[in-house]
Amino acid sequence: MKRDKTQATCRARAWRRRTLTALTGVVLASAAPGLAQVRVQDVARLQGQRTNPLMGYGLVVGLEGTGDGGKNVVTMRALMQMHQRFAQPVVAPEELKNNKSVALVAVTAEVPEFGAREGQALDIRIAALGEARSLKGGTLLITPLQYALFDPDRPETQQIIALASGRVEISEEGAATSGVIRSGAVLEQDFFYSFIDNGQVTLVLDDAHAGYPMAHAVARAINTELARPSEDRRAGRQIVVRDDIAAAIGPRNVVVRIPPYELASPANYIRSVLRAVIFELPEQQARVTINKASRQVVLSGNVTIAPTILYVPGMGSVALGGKPAEGAAESGQAAAAPVQLDELLRLMNQAAVPPAQVVRAIEDLHRSGALRAQLVYRD
């Protein structure tokens with residue numbers, strides 16, 4: 001009897017583990033709000049705070065017969081131009097027909113989001129453009145890098161920003177035609193971003209938090225923490241009012257005015273703006289996000305379903321809701337209480353419903369109007 005009880009307990013624990021594993025693979029419910037403080041920098045960034053891509057085309061040499069080959073006209077033309085530049089002219093293209101040690105490559109790098117100084121080294125990525133089978137053992141010749149967004153009408157985009165060179169490291173097995181060069185690009189000039197425009201900075205809320213409620217909450221937090229009182233004299237009376245410095249100008253942008261006495265050295269003031277605590281967070285929007293590739297479902301906010309009947313292959317007809325809402329009987333109303341979507345997802349996972357059918361069920365609920373949440377797709 002004791003042995004049977006032990007086996008039953010083990011089977012129950014294994015079933016719970018399988019159920020939890022299945023649930024984790026299909027749905028990720030939003031975690032309960034933590035006790036940690038939410039600061040402005042957690043939901044927004046400075047306008048202009050972004051990485052900047054650089055790009056160029058170069059030659060990788062020293063390959064052991066795995067290059068583009070002499071039949072690749074573009075590569076051989078670039079090799080001829082290099083010979084001519086260094087006073088080693090090639091009389092005819094036929095002289096390079098057996099050359100398999102060179103490959104034409106694209107070279108890319110990214111300037112960090114807060115800029116970089118002259119002489120700073122950046123990692124670069126290399127990718128073959130021609131018929132090269134492998135870049136293993138190759139060396140990139142000195143290659144100028146410019147803005148990736150080349151504009152012939154803007155001279156600044158035509159400047160050489162960095163010079164790249166070095167030995168190629170193959171990044172992973174099976175991808176021998178691409179690689180990296182650590183600290184392979186050296187900046188030829190300072191690369192700074194301007195965050196201050198006309199004495200103010202603009203905060204940009206990220207996609208997950210953009211909206212009028214959050215923009216208002218951010219502006220209110222900054223004003224509460226950094227705004228100073230000012231005097232207003234009217235009809236002989238002295239009134240002290242708060243001189244607000246932040247204003248929400250849309251669902252994604254908050255403009256912050258920097259006081260004149262801080263403009264000479266604004267770094268510490270901007271730091272204070274970014275570290276301001278959002279003491280009154282708006283209610284999170286009910287949202288269901290579906291990843292198209294993995295069929296993973298993420299819930300945020302209070303996602304509910306109106307009382308309805310849903311047919312699910314493998315489960316049959318599932319009645320959702322139907323019980324009167326709390327207090328409805330006393331008020332004489334016959335309203336039924338909504339159902340939490342995560343409860344339906346738990347039942348579907350326990351019934352081993354495939355992820356594709358789970359997604360279809362959510363989409364059907366959305367089309368019928370029973371899903372009380374925004375439906376969003378991600379790639």
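Predicted model: local features only at pLDDT ≥ 70, side-chain atom pairs only at ≥ 80, totals over all residues.
Residues are numbered from 1 along each chain as its sequence is written, and side-chain values use heavy atoms, with hydrogens and water left out.

The chain holds 8 helices and 22 strands; helices (H or I, at least four residues) and strands (E, at least two) are DSSP runs, numbered from the N terminus. Of the 379 residues in the chain, 35% are buried, where buried means under 20% relative accessible area with a 1.4 Å probe, protein chains only. Among contacts (heavy atoms within 4.5 Å) with a separation of 6 or more, 68% join residues 24 or more positions apart.

An open sheet is formed by 4 strands in the order β2-β10-β14-β13, with antiparallel pairing; two strands pair if DSSP finds at least two bridges between them. β2 (44-46) and β13 (246-248) are at the edges with a single partner strand each, so one side of each has no neighbour in the sheet. On average, neighbouring strands are turned by 25° against each other, direction ignored. β2 pairs with β10 (residues 200-205) over 3 bridges, and Ala44 stands opposite Leu205 in β10.

Two helices lie across strands of this sheet. Helix α5 (residues 267-274) lies across β2, β10 and β14, at about 30° to β10. Axes here are lines fitted to C-alpha atoms, for helices over the stretch in contact, and angles run from 0 to 180 degrees between N-to-C directions.

Ile362 belongs to helix α8 (residues 355-368). Ile362 is buried, with a relative accessible area of 2%. Leaving aside residues up to four places away in sequence, Ile362 touches Val288, Ile290, Val297, Leu345, Leu371 and Leu375. Val288 is 74 residues from Ile362 along the chain, and their C-alpha atoms are separated by 8.8 Å.

Technical notes:
Buried < 20%, exposed > 50% of the residue type's maximum accessible area, 1.4 Å probe, protein only.
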